Structures are given as C-alpha cells and as structure tokens.
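Student: Please show me how to read a protein model, one feature at a time.
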Amino acid sequence: MSSTAANQMHTRPENDRPTDDGTALADRDPWLDPYRPALRERYAAYKAAMAWINDHGGLLGEISQGHRYFGFTRGELWGKPGVWYREWAPAALQLRLIGDFNDWDRFANPMVRDQWGVWSLFLPDDKYGQKLVHGSRVKVTVVQENGQTMDRIPAYIRRVVTEHNTNHYVGQYWNPPQPYEWKHPNPMPPQKQGLRIYEAHVGMATEEYRVGTFNEFTASVLPRIKNLGYNAIQLMAIQEHPYYGSFGYHVSNFYAVSSRFGTPEELKHLIDTAHGMGLLVLLDLVHSHSVKNTHEGLNMFDGTEYQYFHAGPRGHHVAWDSLLFDYSKYEVRRFLLSNVRYWLEEFRFDGFRFDGVTSMMYLDHGLGKAFTSYADYFNENVDRDAVLYLQLANKLAHLVKPDAITIAEDVSGMVGIARPVEEGGIGFDYRLAMGIPDYWIKVLKHKRDEEWNLGEMYHTLLNRRRDEKHIAYAESHDQSLVGDKTIAFWLMDQEMYWNMAVDRQSLVIDRGIALHKLIRLITFSLGGEGYLNFMGNEFGHPEWVDFPREGNGFSYKYARRQWSLVDNPLLRYQFLNNFDRAMMQLDEQYGVLIDPLIEQLALHEDTKQLVYRRGPMVFVFNFHPTQSYFGLRLPVPDPCDYKLLLTTDAKRFGGPGLVQEDMIYPWQHVPMYGRNQSIQIYIPARSAQVLVPV
C-alpha cells in the first residue's frame, strides 16, 4: 500500500453509465481515464484466453483437471482396471517409472510419449495390484536428450517423504484403502461480520524444540483460535518444501501436503474439525515461484530449463533464489489452475492467500520500486501473462466454490486487484494492507511514541482504494523474522524476560502493554475490511522467528510458540490475550470491520488525542504518555447517550483500571466541531475507549 494516487478513491456520479469492455474501473475513478486503452487491452487478453478455454471444455474442463489425468490415477485399459501414470516432459528422450513395486529397475517400466510430450504407462491390477500399493515409494527416471539420466519425483505427486536417515526425498503412491469421511460442511463466509484471520504455521505451533504436527494443532491450537473469536485460519507451509527454514515458500511439490507435519488425512481432519467449530480455513498458496532444486522440484525436469519456467535471467528471482513460472504455456496454466481446484475440492479449503502477487505481476518483481503513479500499473514492466493467470485463477476458484475467499499479497497497490475481472480488475476478494505493518515497524524503530504524528497515522491506516476490500494487520510472520522482532519485543525488549510477572513493577512493561493494545485496536478499527494476526502475537509473543539452520546451530528455540506464557496466571501475557478476544467481539457483535462509514471527529497533535467513528461506534485514543484528561469534551455523531463498551485501561487487559467499565456518558446539546452534540469523558494516558450509542 503506497501513499500515491493508486490507493486513493475518486468516484464519478452514480448515474454515469458503466462500461462493459473492461474499463468500468475508470468509470469509478476519473484518474484512470488515460489508461482506458490499457484496461481494455487487459480485458481483451482475458476474453481471448477464455474464448479458447471455452472452446476446449471451459475453466472446469481439462485446463483445471490436470490432477485427475497426470500423476497416478485409477483407470482402465482394454477393460482391465489398474493405475495410470502420466507425466508431461516434452523434451525428454525417455521416461521410466521406478519404485518399490519393480525393485527400482530402471528398465522394467518404460513409458510411451504422445504428440504433446505427455508420457504414459498403465499398470494393471492383475500384475501390479499387490506390488504398487498405498504408500509405495516411487520416482521416474528421466533420460534427457543428451543421454544423461536423473531420477525425479513426479510433478503431480500427492505425497513426498524423506528416505530413512537421509535428507533425500522420494514420492509415495498415495491411495488410502478408506478415503477420509468428512463430518462437517464448509462454513459460510461471514455476512454481517468481517474476516478475522488467524495466521498459523503448524510446525511452529508446539512449544517443544521440534516440528509440530497436524494432530497436535487440531487438538491444542484450534480451540485457542475459536476461543479468541477469530472466524478464519490461514495455514502456511502446507505445500511440500524441502527446506524447513524457507517458511514453506520454496515449494517443490505443489500437490503434496508437507509430510513433516503428518498425512493428507490428518490435514483433512484438521480442516474438518475447524469447520465443525465454524472456522474457515485458507491456504497460503505459492504459485509465484518454485524451489530451484532438481532432485525434489520441477527444475530441469525434462532436461530443459524452460519446461515449467522462463529460461535465462527472466526465470530466476534474484532476491528469492528461486525459479519463475512461464504463465504463457498451456501446461503450466493447467498445472497451476488444477492445483487451485485440487486444494479446494480434495481438502475443502475455503480459499487462498496468494503469495508473492507483486513479484508475479511485474517483470522486475517490484524490487526496490516505489509505485508513485498509475502509469506504473500499465507500462511494459507489467507481466501480462502473470496478470492473466491471476484473473483465470480467481475465476476458477469462484467457479469451483462460489463463496471462496481469495486474498492478494500485493504491496504495489495494483489498480483493481480486488475488483471483478469484468471491471478490468484481477478478481481477488481482498488485498493485504501491507503498508500498515511497514508503517508500524518504521515508527517503532525510529520514533519515541511521544513523537508519533496522529494525522500521519490516521492517513496511513485509511490510505487504500475505498472500493477494494483490504485485510489490515499490525504484524504478520514477516515482521518477526530473524533480524526483526515482534511488536511486543520492539516495545519491551529484554524487560520481557524479567518483568512480565503480575507482581513486578516496570515502566517499560506498562508502556509496552499499553501501546501494544493501542496499535492493535487502531489498526483493527481503521485499517481494512478484515483483520489478520500471526499465531502468538495476540498475547505479545516475545523475541522473533528463526527456523533451524546452520547459522543458529539448527536450533528450534525461535521456531515454536510459547503457549505456557499466556497460560500462566502469574504473567501479564494473559491480559493482552484477553484484550485480543475483546477486540474480536467488537466485530462479532457490531460488525465494525464491514461498516464503510469512517469519519474523523477530532484530532489534537499537541494533546495526542484522536477521535473517529466507524459506523455508530466512536473510538477515542489518548496517546499522551503522561497526561490523563478529566471532563474531556468530544463531539459525537448522534444526539444520544453513549455507553463505554471497551477500555484498554481495564484491569482484565493489564491496565490500572481507572475507568469504570460499562459506564454511560450522557450527551449534551453543546455544539463542537460542526456537531450539535457532545459528551464529556475521562480517559487516562496511553489508553483508548470504544463507545456505542445507547
């Protein structure tokens, strides 16, 4: 989210006739008028692609059913039942299936190539039914055009495991005798509430110095999320990745559930249990790049660097040291679009957070770029094939599951990314408001809270396109990676090691807890139409995130969540946890996140006060470090009494408890700042109050 025209919303009169040529975005925003030709060209490319797709079965046809054709699938040949194995490898000289079933004989099961470069092999049950069984280890030997051979993991493989006592990966034929029996339907997305997302990493979700499991997460973490009041979970690192320290973003096997956490059925049980609790489950989907490993991933699969990826420098991401898909190719689109459908249908995910969308949409991946003009979204730097793929992926997701939720991780502010494709948009439902956490880290690093500019804060939190929905967050996993730290640790640092006990006095801790609540409340109430929190940060998790690696002695110390901190009644973490729960209830009970009416009522930089409304609710912030205000007069929207619904000062939230909860502020016919009515309140230093009309 930049502070440029791209994130502002300008509207035409509502009676202007909308267009149907993919330029409706410009009907809503006159600043886009010069870019109508570019919008028209974008939509024309989408329509041309869809015309071809519709002539070949539609989006629900072959282009999104690769997982039902490639890899290992049950079928028949000449009336005999068995298993088909198919692989796209157009430049390969020969493919041969190997595994336990044939004692890894590289010449026993050669495959046959068709005119499209698809290799196939049928294994009839009467010969292989007792050999190729559920859990059998498999690979495919690829003979390259130069005669070199390499044993590879099939591209559409459903499960990958490490060989015993090694770091070598091998595929498994996954066909459980009894398929998972689902018990609960997918919940409906919230209609009268916002999307409240709990971002989680299953492996980190244990307090022990190891990798956590799906079953442990289901039993121990899901109840916490439900109790806090979130209505959605976003699961990271689900797609298989060879390097744990990549946080799951260097994916090698796009259809395989990461085996380090458990089996596919155990993931299904997690999702099913979450659905039974009324929780939506979103997948952090990585289609922006792929690990460059050859033994585990897709790199050089058929002997060429250009099979799935761009050749040469365009195919290499210099910042991520990974490979970049060629979205113009039919089989690449089929591989990725089928992956979208696979996760929605096979695992019943409720939607996706698409990772690395900015990197996908621009040829320079947005690296070091300040997006300062609408021209930045329509010039030759835009990867039109990637934009088209994202449009198709969003269309497909909503065809497969009409109420699917798609979220774009985009920092550029791409115009229309969260608007329908028919308007000239990209088709996502939400955009992550990535500028907000960047803002908080910047002010925490460089300014004392006495120096915070409230006008800048208010503007930053509202700096978004008003007709596109955003997910606000103060911090996600990104902000606490090694080299950085959680907001709680920025505020309190090493004092958290010694002075978080309820019977210990510390000005640093008092300040940190107070500001932690203010930062989260103002972000929650102003920053978007949804909200996200990373696992553990709701209670002020200390320190940072650092996965086991050579540089830290392969330690799990910072790759876990210390739940005992919040569960200990003798420590103050419980107070931040209580506050987070109360904050979720503001939306659960009053729908504050989806209310479009936001209006500033008062702002005083000198006395550090900010007052605004969202819908009928009034939010009052006093950021002054020392000054409390008695009889502070404030304008209010309506001529009625106001009830104190929430105060960060409450003892249950770790405050001194100077303000009586549930008190009523009577309105007075005293005009103020253009309002005909006002109230008088008492608000302590470094605290906030939420008021509702009585």
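Tutor: Let us begin with a single residue. Lys 608 has a relative accessibility of 9%, so this residue counts as buried (buried means under 20% relative accessible area, exposed over 50% and partly exposed in between, with a 1.4 Å probe and protein chains only). Residues are numbered from 1 along each chain as its sequence is written. This is a predicted model, in which local features need pLDDT of at least 70 and side-chain atom pairs count only at pLDDT 80 or more, while totals for chains, interfaces and linings use all residues; side-chain values use heavy atoms, with hydrogens and water left out.

Student: Where is the place of Lys 608?

Tutor: Lys 608 lies in the loop between β22 (598-604) and β23 (609-614); helices (H or I, at least four residues) and strands (E, at least two) are DSSP runs numbered from the N terminus. Although Lys 608 is not a glycine, its phi is positive, at about 65 degrees.

Student: What is the phi of Phe 247, and is this residue a glycine or not a glycine?

Tutor: Phe 247 is not a glycine, yet it has a positive phi of about 65 degrees. Its loop runs between β12 (239-240) and β13 (253-257). With 4% relative accessibility, Phe 247 counts as buried.

Student: Which residues does Leu 280 touch?

Tutor: A contact means heavy atoms within 4.5 Å. Setting aside residues up to four places away in sequence, Leu 280 touches several residues, among them Pro 187, Asn 231, Asp 350 and Ile 405. Leu 280 belongs to strand β14 (residues 280-285), and its 2% relative accessibility makes it buried.

Student: How is the length of helix α9 to be read?

Tutor: The expected span of a helix is 1.5 Å times one less than its number of residues. Helix α9 (residues 435-446) has 12 residues and reaches 16 Å from its first C-alpha to its last, close to the 16 Å expected. Its buried residues include Tyr 439, Trp 440 and Leu 444. Among the elements that cover the buried residues of α9 are α10 (454-462) and α13 (507-526).

Student: How many helices and strands does the chain have, and why does it count as compact?

Tutor: The chain has 15 helices and 29 strands. Its radius of gyration is 27 Å, close to the 26 Å that the globule rule gives for 694 residues, so the chain is as compact as a globular protein of that length. That radius is taken over C-alpha atoms, and the rule is 2.2 Å times the number of residues to the power 0.38. Buried residues make up 61% of the 694 residues, and the C-alpha trace spans about 90 × 60 × 45 Å along its principal axes.
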